[in-house]
Amino acid sequence: KQWYQRRVRANTFGVPGVETNEENIVHNPSGTNKHNLFFLKQIEHARSIRNRIIECFERASSPFCSEEESKRLLTFLVVGGGPTSIEFASELYDFLQYDVTRWYPDLASKYQIIVVEAGEHLLGSFSEALSAHVEKKFVSRNIVT
């Protein structure tokens, strides 16, 4: 049998509270609640994300939820501006706009999607025309970049 060791390297961009220990970045980011961190590798990850989104809307719809807490619950952060993140942000928008807001119409205008990218543009490895198209589309959808 051969064993392979995978080392994960990540650039933390000097964000306070994020340790540079490679093991911690993937398995237990410092200061990050594991219930708010999701990966996009398997179908169970997609189900977890969907369930968590619905849970956030359910909690935000409670009459006991403050405006500040509601805003926190309905802000969705997508990290990375590559093709997977851009596709996910677009699908998230569609899910929120066309499905979730039918179930929670009073919260339809309260959610926010934010895409964080370290580079100058989204889809940095693709053509500038495609990058500009995506950024224009995100602006029209109120997706913050």
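1. Buried residues make up 26% of the 145 residues in the chain. Buried means under 20% relative accessible area, exposed means over 50%, and partly exposed lies in between, with a 1.4 Å probe and protein chains only. This is a predicted model, where local features need pLDDT of at least 70, side-chain atom pairs count only at pLDDT 80 or more, and totals for chains, interfaces and linings use all residues. Residues are numbered from 1 along each chain as its sequence is written, and side-chain values use heavy atoms, with hydrogens and water left out.

2. Start with the overall layout. The chain has 5 helices and 3 strands. Both are DSSP runs numbered from the N terminus: helices are H or I with at least four residues, strands are E with at least two. Along the sequence the pattern reads α-α-α-β-α-β-α-β. Of the contacts with a separation of 6 or more, 52% are between residues 24 or more positions apart. Contact means heavy atoms within 4.5 Å.

3. Now the sheet. It is open, has 3 strands in the order β1-β2-β3, and its pairing is parallel. β1 and β3 stand at the edges with a single partner strand each, so one side of each is left without a neighbour in the sheet. Two strands pair if DSSP finds at least two bridges between them. Strand β1 (residues 75-79) is joined to β2 by 5 bridges. V78 has V115 as its bridge partner in β2. Between β2 and strand β3 (residues 143-144) there are 2 bridges. There, I114 stands opposite V144 in β3.

4. Which residues of strand β2 (residues 112-116) are on the covered face, and which on the uncovered one? I113 and V115 are on the covered face. Q112, I114 and V116 are on the uncovered face. In a regular strand the side chains alternate between the two faces of the sheet.

5. Look next at the connections. β1, helix α4 (residues 83-103) and β2 make a right-handed β-α-β unit. From β2 the chain crosses through helix α5 (residues 128-140) to β3, and this β-α-β crossover is right-handed. Right-handed means that, with the strands pointing away from the viewer, the path from the first strand over the helix to the second runs clockwise.

6. The second largest pocket has a volume of about 260 Å³. A pocket is an open set of points on a 1 Å grid over the protein atoms alone, where a 1.4 Å probe fits, with protein on both sides within 12 Å along at least five of seven lines; lining residues have an atom within 4 Å of a point. Grid points are joined across faces, edges and corners, and the volume is the space filled by probe spheres set on the points. α4 gives the most to this lining, with 6 residues. α2 (43-60) and α4 each supply at least two. Lining residues include L40, R47, E87 and F95.

7. S70 is in helix α3 (residues 67-73). S70 is buried, at 4% relative accessible area. Neighbours within four places in sequence aside, S70 is in contact with A60, C65 and L107.

8. L123 has a phi near 50°, a positive value in a residue other than glycine. L123 sits in the loop between β2 and α5. L123 is buried, at 7% relative accessibility. N142 is not a glycine either, yet its phi is positive, about 60°. N142 is in the loop between α5 and β3. Is N142 buried or exposed? N142 counts as exposed, at 63% relative accessibility.
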